[in-house]
Structure formats: structure tokens, C-alpha cells
Amino acid sequence: MPTQLLPNQINIPKFKHLIIYTGNIMRTTTCALKSWNIKSSSELLYAISDTLSTSLNSSNLPSFHYSPQSNTLEIPDIRQTSRIHPDDRDSVEVTAKLFYLKHDDQSLISYIDASIHHLEQLLGVASIDTFVVSFADNESCVEKTWKDLEAYHQDGRIRKLGVSDFDTARLKALYDNPSLTVKPSLNQVNIENCCSNQKELIELGKQYGVEMTFNVDTAGTQLSALNSLLSSLYLYVYRYLNN
């Protein structure tokens with residue numbers, strides 16, 4: 001993306017990758033004014049809009065960080081506040097969730113590598129406590145991806161591996177796969193869309209020792225819709241930076 005000039009004359013350098021830190025999207029200024037049951041896609045758009053406005057158009061100095069080595073622009077710049085002090089590490093749970101939208105195995109591997117490296121650098125930690133992957137309907141890449149994640153687990157960089165919205169059949173197939181050595185410790189499930197028999201899934205979790213966490217977040221079960229949302233987000237951010 002070319003150099004951008006914001007309304008208040010802030011020069012944004014050329015960048016290839018954009019990282020926006022919205023924090024808890026339910027706590028951003030804009031979202032706080034909206035209905036509590038707003039759709040996830042709208043909620044995300046409001047959070048991004050609020051973050052861009054607060055970070056780049058506030059009366060204070062603009063907050064962003066550009067890394068020329070990776071051509072990455074981060075908004076806002078949270079480097080001074082994001083790192084976890086070594087004395088506090090044992091009392092802080094670091095959890096990451098990756099939503100995988102493409103059907104390219106190699107792309108997923110690079111996304112996993114990049115996300116883990118970025119989190120370690122941003123937080124100043126040597127390991128992630130729980131790493132969850134949402135595959136949606138990308139069934140063909142589950143086994144290959146899980147084996148790559150196992151390497152991080154064996155190195156101690158990931159302590160627990162989890163999946164998102166696996167029904168009974170998918171969870172059983174993953175757990176019983178003889179070629180996999182690390183078993184899933186967690187399954188994050190949307191209450192409404194996970195399966196037809198939640199009791200059966202809960203019983204399987206007890207049998208296998210897999211923790212079941214239930215929520216009402218539909219993002220993991222609507223990844224096909226998120227693909228189109230990403231295109232909208234790109235256009236939105238591009239137009240914002242060119243406003």
C-alpha cells in the first residue's frame with residue numbers, strides 16, 4: 001500500500017502488512033455505544049474504526065509503529081505496554097486463536113509461524129499457554145497443520161493445543177488419529193451451531209479429557225462469511241487512510 005497522508009498531515013509509510021490492535025472489541029469507545037447483541041462483523045468494523053480514529057486522529061501524537069524489515073504497520077503502537085514482566089509471567093495466561101480462511105496448507109503454516117513469532121515478540125514471552133486453531137471446513141489441512149503445531153508443543157513454545165467448533169465426529173477423528181502424538185486439550189464451541197447433540201460432545205470430552213468451553217461467538221462457524229468481510233475491511237481501511 002502506498003504512502004498515505006491522513007487529514008491531520010500524518011505521513012504513513014508504505015506497508016505490505018497491517019496489524020490493528022483493537023483490544024477487547026466490546027470495550028472500544030464506539031462499541032460501547034452500541035447494542036450489546038450487535039453482530040460480530042459489525043462489531044469488528046466498529047472496533048477497527050474506533051481504533052483507527054483514536055490512534056491516528058486524536059489530539060495527542062499519532063500512535064503507530066512501522067517495521068521496514070517486514071513492511072508491517074502496527075496501529076496503535078503498544079510496544080511500551082504490551083510486554084509481560086518476567087515476575088508476572090506465571091500469573092498471566094497467554095491464549096491465542098487463529099482463524100484460518102484459506103485452503104492453502106503452506107499459507108496456514110506461514111500464518112502459524114508468523115503469529116507465534118509476533119506474539120512472542122510483542123508480549124516478551126518464550127511460550128504461549130494455549131493456541132487454538134479454527135479450521136472451519138478446511139478438513140484437508142487439519143492433520144498436516146496439527147503436526148506442525150506439535151513441533152511447537154514439543155519445543156515448549158505452546159503448552160496446550162486446542163480446536164474450535166469440532167463436533168463429536170471431528171473431535172474423535174482428531175483424537176484417535178494414530179499419526180498424531182499431541183492430543184487436543186480444548187474445544188471452543190458455539191452453543192447454537194456446534195452440533196445436534198451437545199450432551200454427546202460433552203461426554204466425549206470427559207472421556208478424552210478435552211476441556212469444552214461454550215460461547216455465543218459465531219465467528220468460528222461463519223468463516224466463509226468472514227472471507228467477504230475481510231475484503232470489506234481492506235477497502236474500509238484503505239479508504240480511511242486515503243481520506
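Asp176 is located in the loop that links helix H5 to strand E9 (186-190), helices (H or I, at least four residues) and strands (E, at least two) being DSSP runs numbered from the N terminus. The structure is a predicted model, in which local features need pLDDT of at least 70, side-chain atom pairs count only at pLDDT 80 or more, and totals for chains, interfaces and linings use all residues. Residues are numbered from 1 along each chain as its sequence is written, and side-chain values use heavy atoms, with hydrogens and water left out.

Asp176 is classed as partly exposed because its relative accessibility is 36%; buried means under 20% relative accessible area, exposed over 50%, and partly exposed in between (1.4 Å probe, protein chains only). The side chain of Asp176 forms a polar contact of 2.9 Å with that of Tyr208. Such a contact is a pair of N or O atoms within 3.5 Å; within protein, one must be able to donate a hydrogen and the other to accept it, and residues adjacent in sequence count only if both atoms are side-chain atoms. Between Asp176 and Tyr208 there are 32 residues of separation in sequence, and their C-alpha atoms are 9.7 Å apart.

Helix H5 comprises residues 168-175, of which Thr168, Arg170, Leu171, Leu174 and Tyr175 are buried. In an α-helix there are 3.6 residues a turn, so residues three or four places apart point the same way. At the start of H5, the backbone nitrogen of Ala169 has a side-chain oxygen of Asp167 within 3.3 Å. Thr168, which belongs to helix H5, counts as buried because its relative accessibility is 14%. When residues up to four places away in sequence are not counted, Thr168 touches Glu200, Leu201 and Leu204, where contact means heavy atoms within 4.5 Å.

Phe214 is part of strand E10 (residues 211-215) and is partly exposed, because its relative accessible area is 32%.

The chain contains seven helices and ten strands, and 40% of its 243 residues count as buried.
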